[in-house]
Amino acid sequence: MERQKRVLAIHDISGVGKCSLTVALPIISAAGVECSVLPTAVLSTHTGGFTGFTYRDLTEDISPMVAHWQSLRLKIDGIYTGFLGSFEQIKLVGDAFSALAEKDTLLVVDPVMADGGKLYSIFDETFPPAMKGLCSKADIILPNMTEAAFMLGEDYAEGPYTREYVEGLLRRLAKAIPVKHIVLTGVYFDDKELGAAVYDAAADNVCYVLGKNIPGSYHGTGDVFGSAFVGAAVGGKPIAEAARIAVDYTVECIAWTKEAGTDIRYGVNFERYLGDYSRKLGL
C-alpha cells in the first residue's frame, strides 16, 4: 500500500471567513494528502470586509515548531506557503525550507501580497523584493498578475491581456526567479473566461487553463485554487492537470456561492464540491 503523503501548509488562520488554513486543511485533506499546519497568526476573522477583528502574531513560535518537527524527522512531501505578514516571517519560512525539505519535497510559494494593481495595505514597495527572494527557493510559484509584475519591478497592466504579454511576463519572471514552474493566476483574454497560465521553464512551454468568468469579487478564491492545486500536485498529478482541476473546482465553488447568495465576506462555499474534487483526483 502506498504511503500517505504529507503537506505542510504555512499560513495564517482566521476563525471566521474561509481563507488560508481553514481552506487549505480541508481541501488538501480531500486530496487524500495529510495536511500539517504551521500557523503564522491567528485572527478572529480575515481582514477583507470586516472591522474590529483580533490579531495575534505567532512569529516567535515558528522556529521552535520547525525545530521540533526536525527532531521527529518527519517526511514532508510538500510545503505550501501563503500570506506572510512580515520580513521576519519570510526569513523564517526560508529557514523552514532548509530544515524540513528533502530533495523530493515540492516547495510551493503563493506570494500573497497584492491584487488589482495594489499592494495590500500593510506592505510597502520594499516587500515584493523580499518575497521574490523566498520564491527563488521554490519549485513552483503561484503569483497573480499584480504580484508577478511587482516582483519584476514593473507597473501593473490591466487586462484583458494578450498571449504575447502573458508569455513575456512569464519568461521575464522565470529569468528573474529560477523556479521550475510558474502558475500565473488572474489571466484572461476576454470577459468570458478567467484562469491561469502554466509555464514550464525548462521546456519554455506555456499552457492555459481557463474557466467561466463569473462576475464579482469573492474572498478566499486564491486560497481555494492554491490548495486544490497543491493537493493535486503532491498527490501525483502533472502540473498542468493539477491547475486544470484547481480552476474547475474554484469555478464550481464561486458559481454555487453566487447562486446561494452567500455574503461574500465569509468566503466561497467550497465545502459543497469537495467530493467532486476528490473524484477528479481518482479517489
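Tutor: Let's start with a rule for reading sheets: two strands count as paired if DSSP finds at least two bridges between them. Keep in mind that the model here is predicted.

Student: In what order do the strands of the open sheet come?

Tutor: Strands of a sheet pair through backbone hydrogen bonds, and the pairing may be parallel or antiparallel. In this structure, nine strands make an open sheet, in the order β3-β2-β1-β4-β5-β8-β9-β10-β11, and the pairing is mixed. At its edges are β3 (55-57) and β11, each of which pairs on one side only.

Student: How many bridges link β9 and β10, and in which sense do the two strands pair?

Tutor: Strand β9 (residues 181-187) pairs with strand β10 (residues 193-200) in the antiparallel sense, over six bridges. These two strands form a hairpin with five residues between them. To see the pairing residue by residue, find I182, which stands opposite Y199 in β10.

Student: How many bridges join β10 to β11?

Tutor: Eight bridges join β10 to strand β11 (residues 205-212), and the two run antiparallel. Here L194 stands opposite G211 in β11, and A196 stands opposite V209. This hairpin has four residues between the strands, and D204 takes a positive phi near 50° in it.

Student: Which strands do helices α2 and α8 lie across?

Tutor: Helix α2 (residues 59-72) lies across β1 (6-16), β2 (34-45) and β3, and runs at about 165° to β2. Helix α8 lies across β8 (140-141), β9, β10 and β11, and its angle to β11 is about 15°.

Student: Let's look inside now. Which residues have the most contacts inside the largest nonpolar core?

Tutor: In soluble globular proteins, nonpolar side chains tend to be buried together. The largest nonpolar core in this model has 48 residues, and those with the most contacts inside it are M131, I141, V166 and L184. Helix α3 (residues 87-100) gives the most to this core, with six residues. Apart from it lies another core, of 45 residues, among them A9, Y218, A246 and F270.

Student: What is L184 in contact with, leaving aside its neighbours within four places in sequence?

Tutor: The contacts of L184 beyond those neighbours include P143, M145, V166, L169 and A196.

Student: How many aromatic pairs are found in the whole structure?

Tutor: A search finds nine. F189 sits in the loop between β9 and β10 and Y208 in strand β11, 19 residues apart, so the pair links distant parts of the chain. Y208 is partly exposed, with a relative accessible area of 21%. Another pair, Y249 and Y277, is tilted: 5.1 Å centre to centre, 35° between the planes. Y249 lies in helix α8 and Y277 in helix α9, so this pair ties together parts that are 28 residues apart in sequence. Both Y249 and Y277 are buried.

Student: Which arginines lie over the faces of F189 and W256?

Tutor: R163 lies over the face of F189, at 4.2 Å from the ring centre. Over the face of W256 lies R272, at 3.8 Å from the ring centre.

Student: Where is R265, and which residues is it in contact with?

Tutor: R265 is in the loop between α8 (239-260) and α9 (274-280). Leaving aside neighbours within four places in sequence, R265 is in contact with G17, H46, G48, G49, F50 and H219. G17 is 248 residues away along the chain, yet the C-alpha atoms of R265 and G17 are separated by 6.7 Å. R265 is partly exposed, with a relative accessible area of 29%.

Student: Let's finish with the backbone. Which residues does the cis peptide bond join?

Tutor: The cis bond joins G159 and P160, with omega about 5°. P160 belongs to the loop between α5 (145-151) and α6 (163-176).

Student: Are S20 and R73 buried or exposed?

Tutor: S20 is at 5% relative accessibility, so S20 counts as buried. R73 is at 77%, so R73 counts as exposed. S20 has a positive phi of about 50° although it is not a glycine, and R73 has one of about 55°, also without being a glycine. S20 is found in helix α1 (residues 20-30), whereas R73 is in the loop between α2 and β4 (78-81).

Key: Residues are numbered from 1 along each chain as its sequence is written. This is a predicted model: local features need pLDDT of at least 70, side-chain atom pairs count only at pLDDT 80 or more; totals for chains, interfaces and linings use all residues. Side-chain values use heavy atoms; hydrogens and water are left out. Buried means under 20% relative accessible area, exposed over 50%, partly exposed in between (1.4 Å probe, protein chains only). Contact means heavy atoms within 4.5 Å. A nonpolar core is a set of buried Ala, Val, Leu, Ile, Met, Phe, Trp, Tyr and Cys residues joined through side-chain atoms within 4.5 Å. Rings of Phe, Tyr and Trp (its six-membered ring) pair if their centres lie within 6.5 Å; planes under 30 degrees apart count as stacked, over 60 as edge-to-face and the rest as tilted. A charge sits over a ring if NZ of Lys or CZ of Arg is within 6 Å of the ring centre and within 35 degrees of the ring normal. Axes are lines fitted to C-alpha atoms, for helices over the stretch in contact, and angles run from 0 to 180 degrees between N-to-C directions.
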